[in-house]
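Subject: Structure handover

Hello,

Here is the structure I promised to pass on. Please open it and keep it in view while you read.

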Amino acid sequence: MRRKAFSYLRLRFRQILLYLAVIGIFWLILYLYHVRTDALTYAVILSAALCAGAGGLGFLRYCRHTGRIEEALGLIPEELREFPVPRDFSEKLYQEKMRQFFQCYTELETDMRITRQEMTDYYSLWAHQIKTPIAAMRLLLQSYEEEEIEEESEGFIHPMKMELFKTEQYVEMVLSYLRLEEMSSDLSLKWYETDQIVRQAVRKYAQLFILKKIRLDYQKCEGRILTDEKWLLLVLEQLLSNALKYTVKGCISIYMEPGGEGVLVIEDTGIGIQAEDLPRIFEKGFTGYNGRTDKKSTGIGLYLCKSICTKLNHGLAVESEVGKGTKVKLYLSRKSITVE
């Protein structure tokens, strides 16, 4: 209300000055003609009261008018409601331009939504279709292994199995990325044993540990967690995938942080992350020094993990030192909600 009052006074400032000037001129002329001072004062007070009353009514109309304008603009960009009747030609022009801009915005938003949906549908279809040849290749490899083959063929089979596994993971990551925007409607929060979920991720990557000859130091993850199993499992799988990807030799450790409440740690002895890259690793599309060197990083994995953890109300932090390895901390506990 105070802001509207200042705005109204600023709008009527010239009129107020004009009124004061006219009253001053009349008072001065009548005074020079020796009209009684008390009569002049009485006339000034009456005219001032009349103008104040008119100004008050004008202020009320101004408040109602601006209120209707605020109501019309209140739901932008979702909706533009009907404007009040314009009080002058300039306001009419502003209203017409606002309607034109909103119509253009609506058309652009609709076109973008249709294009985005078409792209999402296409990539979802592609991701599902590509699973068929991947499954066929896996069956072919399995049948090839079952046959009596020479020992040197293992040098062909093992890399193929590894690359096939990576391909499957990339396809799953594409599907998860496409479903990320609608993740809220797909959540199912329940209490789970932390160790049960972590072991699922480890079992999935067991073959890759064997093929890459990376040692796993696994300590039982005690505790229970309120989460969505499918989405948290996706985060754990992506973190394990990154650890295996950037660890050439050594060990990957999985344990609950001592003294920390519900903090799961995935630690590797890989190449590490540059200090200048650490603040940006969760940005969409950021690959950093390692990604530019490897030339295969998409910059989506950690962004996906951070987005999922945010929606699940879990924390995610990364500590790393070049040449010594990376430690990822997943904060699984939730703050208790106090009802007042």
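This is a predicted model: local features need pLDDT of at least 70, side-chain atom pairs count only at pLDDT 80 or more; totals for chains, interfaces and linings use all residues.

Five strands make up an open sheet. Their order is β2-β4-β5-β7-β6, and the pairing is mixed. Which strands sit at the edges? They are β2 (215-218) and β6, and each of them pairs on one side only. From one strand to the next, the twist averages 10°.

Strands of a sheet pair through backbone hydrogen bonds, and they can do so parallel or antiparallel.

Now walk across the sheet, pair by pair.

- β2 and β4 pair in the parallel sense, over 4 bridges. Here Arg-215 stands opposite Cys-251 in β4.
- β4 (residues 251-256) and β5 run antiparallel, joined by 5 bridges. Find Tyr-255: its bridge partner in β5 is Val-265.
- β5 and β7 (residues 325-331) also run antiparallel, and 5 bridges join them. Glu-267 has Lys-327 in β7 as its bridge partner.
- β6 and β7 pair in the antiparallel sense over 7 bridges. Glu-319 has Lys-327 in β7 as its bridge partner.

So look at Lys-327 in β7 from both sides, because two strands pair when at least two bridges are found between them. Lys-327 is the bridge partner of Glu-267, and Lys-327 is the bridge partner of Glu-319 too.

Is β5 covered or open? Strand β5 (residues 263-268) is mostly covered, with 5 of its 6 residues buried.

**Two hairpins**

β4 and β5 form a hairpin with 6 residues between them. In that turn, Gly-259 has a positive phi of about 80°. β6 and β7 form a hairpin as well, with 3 residues between the strands. There, Gly-323 takes a positive phi near 85°.

**Helices on the sheet**

Helix α6 (residues 194-204) lies across β2, β4 and β5. It runs at about 175° to β2. Helix α8 packs on the sheet too, touching β4, β5, β6 and β7. The direction of α8 makes about 25° with that of β5.

Is Gln-238 buried or exposed? Its relative accessibility is 13%, so Gln-238 counts as buried, since buried means under 20%. Leaving aside neighbours within four places in sequence, Gln-238 is in contact with Met-173, Gly-301 and Cys-305.

**A close look at Ser-320**

Ser-320 lies in strand β6 (residues 315-321). What does its side chain reach? It reaches the backbone oxygen of Gly-325 at 3.1 Å. The side chain of Ser-320 also makes a polar contact with the side chain of Thr-326, at 2.9 Å.

Beyond neighbours within four places in sequence, the contacts of Ser-320 include Ile-273 and Leu-278. Gly-272 is another of these contacts. Ser-320 and Gly-272 are 48 residues apart in sequence, but 5.5 Å apart in space, C-alpha to C-alpha.

**A helix pair**

Next, turn to α1 (residues 2-11) and α3 (residues 37-73). These helices pack at an angle of about 120°, with their axes 10 Å apart. Their crossing is right-handed. On the α1 side, the residues that meet α3 include Arg-3, Tyr-8 and Leu-11. On the α3 side, those that meet α1 include Phe-59, Tyr-62 and Glu-70. The residues of this contact divide into 6 nonpolar, 5 polar and 3 charged.

Most residues other than glycine have a negative phi, and most peptide bonds are trans. Here are three places to check against that rule.

- The peptide bond from Ile-76 to Pro-77 is cis, with omega near 10°. Pro-77 lies in the loop between α3 and α4 (89-146).
- Lys-213 is not a glycine, yet has a positive phi of about 60°. Lys-213 is found in the loop between α7 (206-212) and β2. Its relative accessibility is 74%, so Lys-213 counts as exposed.
- Asn-313 is not a glycine either, and has a positive phi of about 65°. Asn-313 lies in the loop between α10 (301-312) and β6. With a relative accessible area of 43%, Asn-313 is partly exposed.

Best wishes

Key. Residues are numbered from 1 along each chain as its sequence is written. Side-chain values use heavy atoms; hydrogens and water are left out. Contact means heavy atoms within 4.5 Å. A polar contact is a pair of N or O atoms within 3.5 Å; within protein, one must be able to donate a hydrogen and the other to accept it, and residues adjacent in sequence count only if both atoms are side-chain atoms. Buried means under 20% relative accessible area, exposed over 50%, partly exposed in between (1.4 Å probe, protein chains only). Axes are lines fitted to C-alpha atoms, for helices over the stretch in contact, and angles run from 0 to 180 degrees between N-to-C directions. A crossing is left-handed if the near helix is turned anticlockwise from the far one by less than a right angle, and right-handed if clockwise. Ala, Val, Leu, Ile, Met, Phe, Trp, Tyr, Cys and Pro count as nonpolar, Asp, Glu, Lys and Arg as charged, and the others, Gly among them, as polar.
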